[in-house]
Amino acid sequence: MRRTTAVASAVTVLVPLLLTGASTASATAKGSLTVTTLDRSGKPVPTQVAVYNTRTNDFRYIDSNKAVSLPNGSYELATSFVDARGDGATVGGHSVTVSGSTKTTFDARKGRPVNVSLSPSPGSGYDHMVSAYVCAADNGPAQMGISAEAGDLYVIPSSSKAYELSYGTTYQPRAATGGDFWQATATHPGGVPSGLSAKLKKSGLTSVKVSARSGPDSGLAQFSFSYQSTGGDGCPMSTNSLQFQRELPDHFAVHLPPGQWNVSQQSNDFIYAGDHNYAAGRTTSLTLDHAVWGPGGRLPNTWYHQLYFGSLNPFADPTLPNGGTLAGGNVKLTHAGKTLYSHNYSPSDQMDAHPRIPEAGWYTLTQTGHRSGLPSGSLSTSSSLSLHFYANPGNNEQIRDYITRFWPDELNARNQAAPRSTTTVALGMQRNGTDDNSVRRLSDSVKSVRAWYTTDNGATWHAATAKLSGGKWTMAVRNPASGRVGLRSTVTDTHGDSSTTTVYNAYAVS
């Protein structure tokens, strides 16, 4: 028999919030519902069934093959399950009216094959999987699906236009490193078809070329590509999901349906980004784990006599800037020689404080961070940020200042420079806004930039000339024969605000 992926490892179930009105179900008459699920040999198999009351909006999962107490009413159902011997997978959905003791059945013997492939085929050397999700056409929460090897997936037909079927195919390389990943999907509206055979074209996909380095992170990493629906139909979000593991460093290409995708990577640490639109027929390059992971995020802002620290992140990846979840350290705010706020934070803490600031004047916000629990040899292990700025608590506005993002050139896949070479480091001037129109953003420009580097973990700092050319600031670092290089930059603006950004073990020399 051919292998079928188990439900627990293959199904991505979107669990909606309990919608308003669910509490009204208890006021109606009670009945019971028994949903029997039979595999392709006619044997009952246990699974879960998504159950949605279309009047009260009550949503829940129930176990199949047993009576469950439910209020009388109309329900949308969806389920998926594998055969008892694991050689077939079935998905289905239909509606039922519960009145007293009600019974209904999902019978896999009525299932019809779902065959989906790419055209032209990616060739040999791939694991070919097919997926299908049955969803309520009104975008209700009753949706279930499953993935199986090509040839082992079945769908129970339904002529009801209250349901639709999203389906897709995924090709994952069997090789442990490199290779392309392919996923193509489509949706059949207006009912669940009596079987399906589809060839989806490669030409309609978007391509993402990923270069995943090591150093800031290392080891076996899980990469996730999650689709975000923009057209009001949530069913494609289930089939449009790709997860796989690769050992860092590695490079690969991912070919996906066009649209908005959220990309993340999780190994020792976890990094992710917001949704980005990827157009059909286009190729996008992503370099992950590039040195340097350092302070990032948006600058603080005043709000009705309080200072909101914003989303300062001591270890932001340049491409996937959210995350850096292993960080612990201290954040402190001072004014006129007094400490207004000080907090030692751990990796589980959220730095969302907003202390009250007493008057217009000069303030200093300092943040130190250290990532713990990393393997020996990891990069970007410690960082600090000091923001010296003028703030007026009577105005709702973002402070001036710049956060330096360090970009060393010509490093290899392990973020290493050649011994005794010279590395050019770009000094990116970051001033991310708040995305809040009620918070005024002040104009600013750079007056001066000073830069340093260390090859002995901060015991000695060497001054490096910061040069401005073509609107970009750079510094040149003379690398040692071996070891680690730390980086520091102080940026002063034309209003007198200044910021100092430091990252230890920024990149390696080997």
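Trp261 has a relative accessibility of 1%, so this residue counts as buried. Here buried means under 20% relative accessible area, exposed means over 50%, and partly exposed lies in between, with a 1.4 Å probe and protein chains only. The model is predicted: local features need pLDDT of at least 70, side-chain atom pairs count only at pLDDT 80 or more, and totals for chains, interfaces and linings use all residues. Residues are numbered from 1 along each chain as its sequence is written, and side-chain values use heavy atoms, with hydrogens and water left out.

Start from Trp261 and look around. Trp261 touches Gln183, Phe225, Ser226, Tyr227, Asn240, Ser241, Leu256, Gly274, Asp275, His276 and Tyr278, not counting residues up to four places away in sequence. Contact here means heavy atoms within 4.5 Å. Asn330 is another matter: Trp261 and Asn330 are 69 residues apart in sequence and 34 Å apart in space, C-alpha to C-alpha.

Trp261 lies in strand β19. Strands (E, at least two residues) and helices (H or I, at least four) are DSSP runs, numbered from the N terminus. Six of the eight residues of β19 are buried, so this strand is largely enclosed by the rest of the structure.

Which strands does β19 pair with? Two strands pair if DSSP finds at least two bridges between them. β16 and β19 run antiparallel, joined by seven bridges. Within strand β19, Ser264 stands opposite Ser224. β19 also runs antiparallel to strand β21 (residues 276-278), with three bridges. There, Gln260 faces Asn277 of β21. Strand β20 (residues 270-272) pairs with β19 in the antiparallel sense, again over three bridges. Tyr272 in β20 is the bridge partner of Ser264. β19 and β20 form a hairpin, with three residues between them.

Now turn to the nonpolar interior. In soluble globular proteins, nonpolar side chains tend to be buried together. A nonpolar core is a set of buried Ala, Val, Leu, Ile, Met, Phe, Trp, Tyr and Cys residues joined through side-chain atoms within 4.5 Å. The largest such core has 26 residues, of which Val210, Phe223, Phe225, Leu242, Phe244, Phe252 and Val254 touch the most other members. At least two residues of this core come from each of β15 (206-212), β16 (220-228), β17 (241-247), β18 (250-256), β19 (259-266) and β22. β16 gives the most, with four residues. Val254 touches Phe181, Thr206, Ser207, Val208, Phe225, Leu242 and Phe244, leaving aside residues up to four places away in sequence. Another core lies apart from this one, with 25 residues, among them Tyr126, Tyr163, Trp182 and Ala184.

Next comes an open sheet. Its seven strands have the order β10-β9-β12-β13-β18-β15-β22, with mixed pairing. β10 (143-149) and β22 (283-288) stand at the edges with a single partner strand each, so one side of each is left without a neighbour in the sheet. From one strand to the next, the twist averages 15°, where axes are lines fitted to C-alpha atoms (for helices over the stretch in contact) and angles run from 0 to 180 degrees between N-to-C directions. Strand β9 (residues 126-136) pairs with β10 in the antiparallel sense over seven bridges. Tyr133 has Gly145 in β10 as its bridge partner.

Aromatic rings come next. Rings of Phe, Tyr and Trp (its six-membered ring) pair if their centres lie within 6.5 Å; planes under 30 degrees apart count as stacked, over 60 as edge-to-face and the rest as tilted. By this rule there are 15 aromatic pairs. Phe270 and Tyr272 have ring centres 5.3 Å apart and planes at 25°, so they are stacked. Both are partly exposed: Phe270 has a relative accessible area of 24%, and Tyr272 has 32%. Phe309 and Tyr341 have ring centres 5.5 Å apart and planes at 70°, so this pair is edge-to-face. The pair links distant parts of the chain, 32 residues apart: Phe309 in the loop between β25 (306-308) and β26 (313-316), and Tyr341 in strand β29 (residues 338-345). Phe309 is buried at 3% relative accessibility, whereas Tyr341 is partly exposed at 22%. Ring pairs also link Phe181, Phe223, Phe225, Phe244 and Phe252 into a cluster.

Finally, look for charges over rings. A charge sits over a ring if NZ of Lys or CZ of Arg is within 6 Å of the ring centre and within 35 degrees of the ring normal. The charged end of Arg371 sits over the ring of Phe315, 5.5 Å from its centre. Arg488 lies over the face of Trp461, 4.1 Å from the ring centre.
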